[in-house]
Amino acid sequence: MNGESKTYGWGLIGPGRFAQEFANELIHVERVNPVAVASRDFGKAEAFANDFGFGKGYGDYDALFEDPEVDIVYIVVPHVFHAGLARRALEAGKAVLCEKPLTPVPEVSGELIELSKSSGVFLMEAMKTGFLPAIQQAKRWIEAGRIGELKLARADFCFPGPSDPHDRLMNPDLGGGAVLDVGIYPLHLTRLLLGEVLEISAEGSLTATGVEDSASMMTRHASGASAVSLCSFQTEEAMSATVFGSEGKIEIPRFHAATEALLYQGGELVESCRDDSGGMVTAEIIAVMDALDRGAIECAGHTHEDTMRLSELMHEVRKQIGSVS
Ligand SMILES: NC(=O)c1ccc[n+]([C@@H]2O[C@H](COP(=O)([O-])OP(=O)(O)OC[C@H]3O[C@@H](n4cnc5c(N)ncnc54)[C@H](OP(=O)(O)O)[C@@H]3O)[C@@H](O)[C@H]2O)c1
């Protein structure tokens, strides 16, 4: 069986907060066989498997790597555990879709990518945004010159986050901090729409636990345009993006999970793109299986190089703010 008729067995590791949103879509995607869920807690794995229609639950992660029915392992645990699990999955010959950021440390991300290449096994960081139809439409408008010469962009991912210092977002031992968790989104979007980042500078503040609670990041891009990206766990919610050109602008509300993009010229709304599918990760899931159909070890929509550049940019931001040395 090959090409578009092939069904893929999916195994999920870490039935926590985001896993629920992902699984809700995964189980409705064609060619997906939801095989198994693994948790450190068997009861939790079994309950999640029952709730979302997976075939079985495992009380340890290794059992999932050993399951011959699993083709693709989706890793959705705190960032610091990504590397170890992705390595074990790749070594077991399983294709890996690992939540963002692939790892908090560029060298470690690079090692995983090398392992993917040397073993010929698929590896992808789960950056859903670039696969969304509204974002792809924005990219097409830009490429078609609809807003003229690119000048500026502004993208924010801010929300009032947890105050509990043990929460994953605040805890340095779990890879906490606004840059790795949400700063990655505006950095990804501005790079996608404005071209490679040539320079980056950042300012920000740290929590008492030593992770960034807020950061402002300025980037200069290959297109000649520049961008300001904000991320925070300690402000009102702000999640929109605007790209400004010499002849118009594109607005993308709630861009990380965009359902629409709006094109303005001369102050007038001239075109809009609306995606009512309700899918946030469906396009990403399909892209993984399409890449596997082709025998690829990376996904053209979010390549290994994209992962490395984002990893290096986030590390540089965190160095400038003082959360890593
Ligand atoms: N793509 C997106 O839109 C999106 C959105 C949100 C989050 N994410 C990413 O998804 C990942 C998980 O985020 P989340 O908020 O879903 O995490 P979470 O609910 O805090 O944890 C997910 C799972 O990780 C394991 N885990 C949690 N704390 C642990 C600890 N202290 N030690 C060992 N294992 C632990 C648990 O698995 P067990 O069941 O085995 O105990 C838990 O069920 C992160 O990398 C995040 O960046 C992506």
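Pro101 sits in the loop between strand 5 (95–99) and helix 5. A cis peptide bond joins Lys100 to Pro101, with omega at about -15 degrees. Helices here are DSSP runs of H or I with at least four residues, strands are DSSP runs of E with at least two, and both are numbered from the N terminus. This is a predicted model, in which local features need pLDDT of at least 70 and side-chain atom pairs count only at pLDDT 80 or more, while totals for chains, interfaces and linings use all residues. Residues are numbered from 1 along each chain as its sequence is written.

Arg31 lies between helix 1 and strand 2. Its phi is positive, about 75 degrees, although Arg31 is not a glycine.

Six strands build an open sheet with parallel pairing, in the order 3-2-1-4-5-6. Two strands count as paired if DSSP finds at least two bridges between them. Strand 3 (56–58) and strand 6 (123–126) are the edges, and each pairs on one side only. On average, neighbouring strands of this sheet are turned by 25 degrees against each other, direction ignored. Within the sheet, strand 1 (residues 8–13) and strand 4 (residues 72–75) share four bridges in the parallel sense. Trp10 has Ile72 of strand 4 as its bridge partner.

Helices pack on this sheet. Helix 1 (residues 17–26) touches strand 1, strand 2 (32–38) and strand 4, and its direction makes about 165 degrees with that of strand 1. Helix 2 (residues 42–52) lies across strand 2 and strand 3 and runs at about 160 degrees to strand 3. Two residues are in contact if their C-beta atoms, placed from the backbone, lie within 7 Å.

**Helix 5 and its partners**

Helix 5 (residues 106–119) and helix 9 (residues 304–321) have axes that come within 9 Å and cross at roughly 170 degrees. Axes are lines fitted to C-alpha atoms, for helices over the stretch in contact, and angles run from 0 to 180 degrees between N-to-C directions. Helix 5 and helix 9 are therefore roughly antiparallel. Angles under 35 degrees count as roughly parallel, over 145 as roughly antiparallel, 65 to 115 as roughly perpendicular, and the rest as oblique. On the helix 5 side, the contact uses Pro106, Ser109, Gly110 and Ile113; they meet His304, Thr307, Met308, Ser311, Glu312 and His315 of helix 9. By class, this contact has three nonpolar, six polar and one charged residues. Ala, Val, Leu, Ile, Met, Phe, Trp, Tyr, Cys and Pro count as nonpolar, Asp, Glu, Lys and Arg as charged, and the others, Gly among them, as polar.

Helix 4 (residues 82–91) also packs against helix 5: the axes come within 10 Å and cross at roughly 5 degrees. That makes helix 4 roughly parallel to helix 5. Ala83, Ala86, Arg87 and Leu90 of helix 4 meet Val108, Leu112, Leu115, Ser116 and Ser119 of helix 5. This contact has six nonpolar, two polar and one charged residues.

**Strand 7 and its partners**

Strand 7 (residues 150–160) pairs with strand 12 (residues 241–245), strand 10 and strand 11, as tabulated here.

| Partner of strand 7 | Bridges | Sense |
|---|---|---|
| strand 12 (residues 241–245) | five | antiparallel |
| strand 10 (residues 226–232) | seven | parallel |
| strand 11 (residues 234–238) | two | antiparallel |

Leu150 has Gly245 of strand 12 as its bridge partner. Asp156 is bridged to Leu230 in strand 10. Cys158 is bridged to Ala238 in strand 11.

**Domains and ligand**

The protein is divided into domain 1 (3–126 + 281–298) and domain 2 (130–277). These bounds come from an automatic or database domain assignment. The C-alpha centres of the two domains lie 26 Å apart. Domain 1 gives ten residues to the contact and domain 2 gives nine. On the side of domain 1 that touches domain 2, six residues are nonpolar, two polar and two charged.

Where does the ligand lie? Domain 1 and domain 2 both give residues to its shell, so the ligand lies between them. Of the 22 residues around the ligand, Gly14, Gly16, Arg17, Ser39 and Val77 come nearest. A residue is near a molecule if its C-beta atom, placed from the backbone, lies within 6 Å of it. Helix 1 gives the most to this shell, with three residues. By class, the shell holds nine nonpolar, four polar and nine charged residues.
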